[in-house]
Amino acid sequence: MSISLTAVQQTDFDELVKAEYRSTGFLLRDAVRTKSDITGSSVEFRKVDQVISVPTAYLAAVSIQDPDYTKVSCLIQKYTTPTAVDTVQELTVNFDAKMENAMLVGQGMGRRSDQIIIDAITADPGDTIVNGGTNMNYAKFTQIYEYFEDHAVPKGERWLALSASNVRSLMADQQFVSTFYTENRILDRGYFLEYLGINVVTIPQMTEGGLAKTGNIRTALAWHKMSTGMAIGHDFRTEINYMPERTSYLVNGIFSAGAKVIDNRGVIAIACDESV
């Protein structure tokens, strides 16, 4: 409940509210396979293996191949993001506390959405790259590229989630920033977004957890978009309701969702030593 509004009950103060630095969330919404409007407590994502062409003699009987259809169950969890604004207390400030809180609620839901995906991918990698006493670097990046190429992961659907420290370390490698090695000039536009067909997203510090870190070792993640599914039952919604028994407005965010790795052959965990 927003009892902290008491701290700004003054005769006069700036009408602009400075929000604490934080991720606005929903950084990974387009980085995974998403299924919405689900009825029920879970959804099953399906996976199919492959069939191969084989030499066959004229008029010979063919051997039927089983493409091996399998399914992965994803549980859906309800999430809420409640806060409240007292109707009388709000009159003591010169900004719309309900709208400010609604913004905070939306960002909270966005960060939780990202964390659900991060936790699912972290829990089930198909391959790992050891830290080797190094932070993120060109050698590890090319290992990711080799893995994706070897597994025929489509370009444009390859994602890599890094911390700010990982990106800083990566940018220290001349192979990325020097025109002696590349003509792509990935820094010309002032930001690092895509390289060698891999979409890169920076995950900031988040109260919800962010990318897992144990000691100095951060676990960066690389994955194919279709390797991981996110199931959304009750879609993300912010609502403001009056509570007469408290003479207050309840500002709340509601959604239900879950995420699950469908095929971990499309997921890589990269250990990075951030003390380096």
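Student: Which residues form one aromatic cluster? Please start there and then show me how the surroundings are built.

Tutor: Happy to. Keep in mind that this is a predicted model. The cluster you are asking about is made of Phe26, Tyr79, Phe236 and Phe255.

Phenylalanine 26 has a relative accessibility of 32%, so it counts as partly exposed. Phenylalanine 236, with a relative accessible area of 17%, is buried because that value falls under 20%.

Now turn to tyrosine 79 and phenylalanine 255. Their ring centres are 5.0 Å apart and their planes lie at 15 degrees, so this pair is stacked. Tyrosine 79 belongs to strand 4 (residues 77-80) and phenylalanine 255 to strand 14, so the pair ties together parts that are 176 residues apart in sequence. Tyrosine 79 is partly exposed at 24% relative accessible area, whereas phenylalanine 255 is buried at 1%.

Among contacts between residues at least 6 apart in sequence, 79% join residues at least 24 apart. The chain has four helices and 15 strands, and 41% of its 276 residues count as buried.

The largest one has 29 residues, and Leu28, Ile118, Ile203, Leu221, Trp223 and Met230 have the most contacts inside it. At least two residues each come from helix 1 (97-123), strand 7 (158-162), strand 11 (217-224), strand 12 (228-232), strand 14 (248-261) and strand 15 (267-273). Helix 1 gives the most, with eight residues.

Leaving aside its neighbours within four places in sequence, leucine 28 is in contact with Asp114, Ile117, Ile118, Val201, Ile203 and Trp223. Apart from this core lies another, of 21 residues, with Phe148, Leu160, Leu170 and Ile198 among them.

Leu170 also brings us to helix 3 (residues 164-171). Six of the eight residues of helix 3 are buried, so the helix is largely enclosed by the rest of the structure. Its buried residues are Ser165, Asn166, Val167, Ser169, Leu170 and Met171.

Back in helix 1, have a look at arginine 111. Although its side chain is a charged one, arginine 111 is buried, with a relative accessible area of 12%. Arginine 111 and threonine 207 are 96 residues apart in sequence, while their C-alpha atoms are 8.8 Å apart in space.

The largest pocket holds about 430 Å³. Its lining has 17 residues, of which Lys47, Val48, His224, Asp263 and Arg265 lie nearest the centre. Strand 2 (residues 42-48) gives the most to this lining, with three residues. By class, the lining comes to six nonpolar, five polar and six charged residues.

Finally, two loop residues deserve a glance at their backbone. Most residues other than glycine have a negative phi. Leucine 59, in the loop between strand 2 and strand 3 (69-75), has a positive phi of about 65 degrees although it is not a glycine. Leucine 59 is exposed, with a relative accessible area of 91%. Alanine 152, likewise not a glycine, has a positive phi of about 55 degrees. Alanine 152 is found in the loop between helix 2 (138-150) and strand 7, and is exposed at 62% relative accessible area.

Terms used:
Residues numbered from 1 in each chain as written. Predicted model: local features only at pLDDT ≥ 70, side-chain atom pairs only at ≥ 80, totals over all residues. Heavy atoms only, no water. Core = buried A, V, L, I, M, F, W, Y, C linked by side-chain atoms within 4.5 Å. Buried < 20%, exposed > 50% of the residue type's maximum accessible area, 1.4 Å probe, protein only. Contact = heavy atoms within 4.5 Å. 1 Å grid on protein atoms, 1.4 Å probe; cavity = no way out; pocket = protein on both sides within 12 Å on 5 of 7 lines; lining within 4 Å. Points joined across faces, edges and corners; volume = space filled by probe spheres on them. Phe/Tyr/Trp six-rings, centres within 6.5 Å; stacked < 30°, edge-to-face > 60°.
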